[in-house]
Amino acid sequence: MNSLIPSEKKIAFAGPWITDKELEYVREATINGFYENYDKFAKKLERTVADYVGAKYAIATHCCTVALHASCAALGLKKGDEVICTDFSWIATAYAISYTEATPVFVDIDPDTWTIDPKAIEAAITPKTKAIMLVHTFGQPADMTSIMAIAKKHKIAVIEDAAPALGAEHKGQRVGAIGDFGCFSFQGAKLTVSGEGGILLTNNPDLYEKARMLCNMGRTDSQAVFWSDQLGYQYTIANLTAALALAQVERVEELMAKKRQIFNWYHDRLGSIPGVKFIKEPVGSKGNYCYPSILLEDSIKADRDQILKNFRELNIHCRPAFPRMGRMPAFEKPRFPNPVASQVEKRGISMASAANLNEQDIDFVCKAFKASIGV
Ligand SMILES: Cc1ncc(COP(=O)(O)O)c(C=O)c1O
């Protein structure tokens, strides 16, 4: 490590690529996005994402967490219901279930993609199971064929937490429109960024109407203008935020190509080191490589957290894998030991992949990584 001099440029974990297009849309929304245009960008964002992903309906929201909650609420989840949920995600995935007072049942992940393991879903089904909440983890598509088959067999709903996964495909079909609901995030570390922001997709007209009403304070106007028929939420997106999100979504293919290039730079340099396992798209599917990630297998003796500390001293910001959600105090004792998620939480790293990184930056990260593990 001693031979490396800290990078002057912050090698950021994530961050957007902003062009004149984004500036133009935000300027237009600031100057003209009121009066008759008050929801112009929000509506255009909804149509653009729905068409791109292949869904009939969309509701742009304040963030993905509330889109996930609105999905759970629209499905009528309630106390006493169980939702089978991956154990490995940002906590928003599980809290969205808990907001309805349903119980998340945390199950293990697949070692190659870190997405929910369909065999673990089957093993966790009980008469109380009402839904599956999967995550397209770090932009890798979950095994939707198996998940949809299980859901059909047991007549339960499917919510796709596709927060970081815009553009990812499962067997030629874009993720986010395969289950009953799919939700994406435009938070600052995602592929397409608006600071905060999210969107919910569905193909089901009844679920769409229910979710739309819930996201608009339960407003129906049924008895009078401003009449609200049930407890709802102020979950809609701001037009100004939608303008930034729209410009980014219109560039999704370009942004995805940059992420794949970053993944390839890492893979070319580290992919053949024994004990370094890259998370990759399954054969026949397509990841968006939002967060290129690796697992340190047992043959690598270096401590994961020490590696991350070494990185920070060199102005490199990589991320440890998520701790298992099921171990957190908001939930009852975990039902399953989930050995894969347990290993990943201790030995997983998501590599820096901000859109402003170039090949030299990735080269520097790889040199620092090799020095840290002694190869
Ligand atoms: C898997 C997953 N789900 C949900 C969310 C929540 O998204 P938001 O911050 O837009 O609410 C995130 C955000 O990081 C996420 O990674």
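Strands here are DSSP runs of E with at least two residues, and helices are runs of H or I with at least four, numbered from the N terminus. Because five of the five residues of β2 are buried, this strand is largely enclosed by the rest of the structure.

The model is predicted: local features need pLDDT of at least 70, side-chain atom pairs count only at pLDDT 80 or more, and totals for chains, interfaces and linings use all residues. Residues are numbered from 1 along each chain as its sequence is written, and side-chain values use heavy atoms, leaving out hydrogens and water.

Opposite T86 stands V107 of β3. Then select strand β4 (residues 129–135), paired with β2 in the parallel sense over four bridges, where T129 is the bridge partner of E82.

Now move to strand β11 (residues 293–296). S293 and L295 point one way, I294 and L296 the other way, and all are buried. In a regular strand the side chains alternate between the two faces of the sheet. Centre the view on I294: this residue is the bridge partner of F278 and stands opposite I349 in β13. Strand β10 (residues 276–278) pairs with β11 in the antiparallel sense over three bridges, and three bridges join β11 to the antiparallel strand β13 (residues 348–350).

Conventions: Buried means under 20% relative accessible area, exposed over 50%, partly exposed in between (1.4 Å probe, protein chains only). Two strands pair if DSSP finds at least two bridges between them.
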